[in-house]
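Hi,

Here is the structure I promised to pass on. Have a look at it first, and then read on for what I found.

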Amino acid sequence: MTDLNEYECEMLDTLLEAFGVPDSLTRDQVMLLFDQDESAAFAMIQILIREGLVKGTGEHGPYDLPQKLVLKPKGEKFLKSGGFLRRYHQEQQKPVEVGGTLAKLQQQNMRLQNLRLSNEALIADLKKRLSKLETLQYLWWGLIVVALIIGYILG
C-alpha cells in the first residue's frame, strides 16, 4: 500500500464508487472513467483485483481490461470504511521509527554475529573430536589386523 500516492488512492476510491446498483462495470465504462487511457485503467484495476475487492469476468488477455468488473462484498465494505484514501492518510500519520528500528536491527545483527561465531567455534571443536575418533578407529582396526595376523601365524 505504501507505493500508492494520494492521487492514485483517490482514483481507486473513485473507481470503487463508480460501481452502481448491479455492482458491476463494463470495460467501456471503465475506459470513460480513465479518459480512454487503458494502461492507467489496467494498472488501477490490477490493484483492486490484487486486494481482492473486484473480480474480472469475460474474455480478455493478460494485459487487457476484463469485459466486466464485479464488485465483491469485501470491496463494498472497504469503501464504506473509508477506502484507499483513508488507509493512505492513516499510513501518513504513523510515526516514523527509523532510529528505533535501526538500533533494533544493529542489536539483532550483533546477536546473530555472536551466535555465528560461537557456532563456528563449536563446529571446529567437533571437527577436532571427530578427527581424534577417526584416528582412534584406525588404530583399533590396525590392532585387529595385527591380532588376526599373529593368530594366523600362531595357529
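Let's start where H1 meets H3: on the H1 side the residues are Glu8, Met11, Leu12, Leu15 and Leu16, and on the H3 side they are Met44, Ile45, Ile47 and Leu48. By class, this contact has eight nonpolar residues, no polar ones and one charged. As for the geometry, the axes of H1 and H3 (residues 38-50) come within 10 Å and cross at roughly 75 degrees. An angle from 65 to 115 degrees counts as roughly perpendicular, so that is how H1 sits relative to H3.

Before going further, please keep in mind that this is a predicted model. The protein averages a pLDDT of 85, and 92% of the residues score at least 70. Confidence is highest in helix H6 (residues 98-154), with a mean of 91, and lowest in helix H5 (residues 83-93), with a mean of 84.

H5 also packs against H1. Helix H1 (residues 6-17) and H5 have their axes 6 Å apart, at an angle of about 150 degrees. Angles over 145 degrees count as roughly antiparallel, so H1 is roughly antiparallel to H5. From H1, the contact uses Glu6, Cys9, Glu10, Leu12, Asp13 and Leu16; from H5, it uses Gly83, Phe84, Leu85, Tyr88 and His89.

Now to the inside. Which residues of the largest nonpolar core touch the most other members? They are Leu16, Val30, Leu48 and Phe84, out of 25 residues in that core. H1, helix H2 (27-33), H3, strand S3 (68-71) and H5 each supply at least two of its residues, and H3 gives the most, with six.

Leaving aside neighbours within four places in sequence, leucine 16 is in contact with Leu48, Leu53, Val54, Leu71, Phe78, Leu79 and Phe84.

Not counting residues up to four places away in sequence, serine 24 touches Phe19, Gln29, Lys68, Leu69 and Val70.

Cheers

Terms used. Residues numbered from 1 in each chain as written. Predicted model: local features only at pLDDT ≥ 70, side-chain atom pairs only at ≥ 80, totals over all residues. Heavy atoms only, no water. pLDDT = per-residue confidence, 0-100. Helix = DSSP H or I, 4+ residues; strand = E, 2+ residues; numbered from the N terminus. Axes fitted to C-alpha atoms, helices over the stretch in contact; angles between N-to-C directions. Parallel < 35°, antiparallel > 145°, perpendicular 65-115°, else oblique. Contact = heavy atoms within 4.5 Å. Nonpolar A, V, L, I, M, F, W, Y, C, P; charged D, E, K, R; others polar. Core = buried A, V, L, I, M, F, W, Y, C linked by side-chain atoms within 4.5 Å. Buried < 20%, exposed > 50% of the residue type's maximum accessible area, 1.4 Å probe, protein only.
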